[in-house]
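Subject: Structure handover, side-chain contacts

Hello,

Here is the structure for your set. My notes on its side-chain contacts follow.

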Amino acid sequence: MPIKTTVDYIIVGQGLAGSCLALALKAQHKKVAVFDEPQKNLASAIAAGLFNPISGKGLAKSWKADVIFPFAESFYRQAEKKLSTQFYFPMPIYRPFISVEEQNEWMAQSQLDAFIEKIHTTSAFGEQVNDPLGGILLRQSGYVDTIAFISSVRNFLTADDSFWALHFNFDQLKIAPDKVCYEQVEAKGIIFCEGVSVRQNPFFSPVYIKPLKGETLTVRLPQPLPVIFNRSIYLVPTSRPLTYVVGATYKPNDNIPSVTEEGRAELEEKLRSLINLPFHIEHQHWGFRPTVPDRRPVMGNHPHHKNLYLFNGLGTKGVTLAPYCAHIFANWLRGESELPQEVNIKRFKSLYSKFSLGANL
Ligand SMILES: Cc1cc2nc3c(=O)[nH]c(=O)nc-3n(C[C@H](O)[C@H](O)[C@H](O)COP(=O)(O)OP(=O)(O)OC[C@H]3O[C@@H](n4cnc5c(N)ncnc54)[C@H](O)[C@@H]3O)c2cc1C
């Protein structure tokens, strides 16, 4: 338990959202106190850490990819230096074509040039994958070792007496117009970065964060892969040699907090149709992504308690969204800029009437 202390902000949750926000605030010389209850299946640790500028069936560029991807690279590179740990791994993504029509469609995507390394019209990685029609090789892609990132942020905060591995208990929160108090900590405000656990938050539970279940496999291969293969599933390297994360399933209506036979079978089948190599399954994992119906993060403050803040809704793309969103959120807290409407909690105005005034006024 922290001793009596005064900070600028309390942060609840230290997944990708809380970690990036803590670094962004520390870069502005703000004092933070971070509370995070260790959880086995937190999304940020289950995530393969993939960043892919072009995803989905519609060949769509990720939201603000031209800004967000270079920003994420510079953020993680600086964090690597500050935390003396490597966790940012650029790597091309190769997506085999499944039809001649698709091959033609990709060749017409000149506006995606910044993200296209090369288009192969004949097999380029036939030893490892099924790519008789060739495929597209993407750049500005790769993966973040999210476990290494989060642990090094945690060590950094711990060394600074700014981290407590504790459950945040809402009953202990006292709110005044100009400050909040939690246990021994007094702060200007409190920022909730709880991922899907926000549904237990008495102040922000009306915000519609829908848990989207995902399962992954950890597999061992007989040889290393030169690129990230991605076709309906991906194979992303882990910190162990020859070991890859295969993912992920998307099951919006599955609330079961465990792995399933169905998830394993789906991933195994897709892996068999993508690669030509034998594989050995070592583990299966599950987690819930914090998604919002309009697929944009959600940030801002509570309509009645202005010093209670939300930073959530990173959905399926926490690795790239978290650094950029933490940056604009920290600048907004400092009064430097407005939050863009598309990520602003105010876009859910109709929900405001449902917001609880909360206790401890
Ligand atoms: C299977 C799967 C694969 C994924 N793959 C990718 C990928 O390849 N690339 C990508 O960009 N994204 C991926 N994602 C999405 C990514 O994981 C999320 O966008 C991101 O991790 C969300 O981060 P977060 O910090 O908001 O939430 P979380 O990671 O859930 O962190 C919230 C934290 O808050 C803590 N907390 C909550 N309530 C309390 C409380 N009361 N007291 C103390 N602590 C509390 C929790 O313990 C947790 O540590 C994947 C997700 C899943 C499930």
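Burial first: buried means under 20% relative accessible area, exposed over 50%, and partly exposed in between (1.4 Å probe, protein chains only). This is a predicted model: local features need pLDDT of at least 70, side-chain atom pairs count only at pLDDT 80 or more, and totals for chains, interfaces and linings use all residues. Residues are numbered from 1 along each chain as its sequence is written, and side-chain values use heavy atoms, with hydrogens and water left out.

Salt bridges
A salt bridge is a side-chain nitrogen of Lys or Arg within 4 Å of a carboxyl oxygen of Asp or Glu. The whole structure has 19 of them.
- E268 and R264 meet at 3.7 Å, N to O. E268 is buried, at 18% relative accessible area. R264 is partly exposed, at 28%.
- D160 bridges to K26, with the closest N and O atoms 2.1 Å apart. D160 is partly exposed, at 37%. K26 is buried, at 17%.
- E73, R77 and E80 form a salt-bridge network.

Aromatic pairs
Rings of Phe, Tyr and Trp (its six-membered ring) pair if their centres lie within 6.5 Å; planes under 30 degrees apart count as stacked, over 60 as edge-to-face and the rest as tilted. The count is 29 aromatic pairs.
- F51 and Y88 have ring centres 5.2 Å apart and planes at 10°, so they are stacked. Both are buried.
- F311 and F329 have centres 5.3 Å apart and planes at 50°, so this pair is tilted. F311 and F329 are buried too.

Regards
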